[in-house]
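Colleague: I'm new to reading models like this one. Please pick a single part, look at it closely, and then show me a few other spots along the chain.

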Amino acid sequence: MKFNKILCAGTALLLAGSLGGCSMKFGTKTEPKPEAVIAEPTNGGDDSMKITYEDFKKEYTYVLKGEGIEDDTAESVAESCKSDRNTIITYLINERIIMKKAAELGISTLTEEEMNAVEEDYNSHIEEQIEAFGEDADYGTADPETITDEQKRERGSKEFDEYLAGCNMTRDDLLKWQISSAVTQKLIAEVGKSVEYSAAEESFLGYEEQVKQLYNDSLSEYEQGGFTSVWVPEGARMIKHILLGFDEETQDDITANRQKGDDEAADKIRAEKAAELQDKVDEVQKKLDDGEDFQKLVLEYSNDAAASSMYPDGYVVIPNGVAYMEEFQEAAFVPEKIGDRTVCVTDYGVHIMIYADDAKVSDEQKKSFTDYIYEQMKSTEFNKKMSEWNTEYAYKIDYDALRIDDPADSST
């Protein structure tokens, strides 16, 4: 969990090449000794659940180096660093509790298959870091073209290890984080067994009814919220289009006239420019009549090709919708049957439109959304358990040593 989150954050670690040799400044007071216990359960638990300052500092230094922070008391970063310290101690406490509960349930040891998956993921992340450090390394006056991949990998591996050493860490620590994450996922799954899939299905139906109500109450909110993946009204259509767009200057002129209330002038410019595009419209229409693939022509002619490629099945257009320009909205319902085409002109250009299909939410989409709800329900159940377990163990935290606010102190 932490290993993935921190290493996949990406660019922050690219600073490592210049930060590898820096020293960190932690506050103005004397730091606790490495073996000092800064958090421990007051109700039950054992020594394995205690957290030392060394445990904390290792992770905190790793975060600071990744963020390029040398002095955590600097005014520009003091508050964010305090938040990081609070997050890290909370994580460490939760991690101790999770490992304890997983052991009690007999799921703290990974199977051979699970361990193989962890190591595969771990090795992949390590390679990403070696590559990043190797690419970002300072090779002095050497011609970059002469630096081989093998040299980059050797240098990247060395600098990555030096970076970890600066945090008093090794790669083994990262592997432990990865294993901890895997055990956490097993515990989440175990706790989630109490959640029935039927509850997610029922929740989806309830959500579907809410979306229908939103559609009746506010078309604009329904369309803007992307709820067409949950439910679409009867008569909704999938529309594909090829946009023969006006040039930027023309669009600017049209917009300027609209803004000053001269729609007549804007419509005149639009009509003139649309007429100039008629030959190209005829060219595209003939190709479609000859059976050429619509999507192929989108890529060849449309000024909206990039956006259209994100919606290969077309855009959902609902009856009386307000998301599209009025001309486009009206034209979408001109074709009488699937496969029919029409043409309309908007302030963006000339649209060659095809009624591609009736819009509907597929069973696969419903299943995918229900699965998402199910996972959220399991996460919610796990969070409830974590809250119970935190209360059960009642951790005592040395807030002063960590330089974070004690929530029991009203002055904070």
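Modeller: Let's take helix H10: Thr-250, Ile-254 and Asn-257 are buried there. "Buried" means under 20% relative accessible area, "exposed" means over 50%, and "partly exposed" is in between, using a 1.4 Å probe and protein chains only. Those three cover an arc of only 65° around the axis, which puts them on the same side of H10; the arc is that of the directions from the helix axis to the C-beta atoms. An α-helix has 3.6 residues a turn, so residues three or four places apart point the same way. On the other side of H10 you'll find Glu-248, Glu-249 and Gln-259, which are exposed.

A quick word on the source: this is a predicted model, where local features need pLDDT of at least 70, side-chain atom pairs count only at pLDDT 80 or more, and totals for chains, interfaces and linings use all residues. Residues are numbered from 1 along each chain as its sequence is written, and side-chain values use heavy atoms, with hydrogens and water left out.

Back to our helix. Part of what covers its buried residues is helix H11 (263-276), where contact means heavy atoms within 4.5 Å.

Now look at the two ends. At the start of H10, a side-chain oxygen of Asp-247 comes to within 3.1 Å of the backbone nitrogen of Glu-249. Just after H10, Gly-261 takes a positive phi of about 85°.

Phi of Asn-320 is near 65°. Ala-394 has a positive phi of about 45° although it is not a glycine.

One last stop is Asp-173, in helix H7 (residues 171-192). Asp-173 is buried, with a relative accessible area of 11%. Not counting residues up to four places away in sequence, Asp-173 touches Lys-58 and Asn-168.

Methods: Helix = DSSP H or I, 4+ residues; strand = E, 2+ residues; numbered from the N terminus. Polar contact = N/O pair within 3.5 Å; in protein donor to acceptor, adjacent residues only side chain to side chain.
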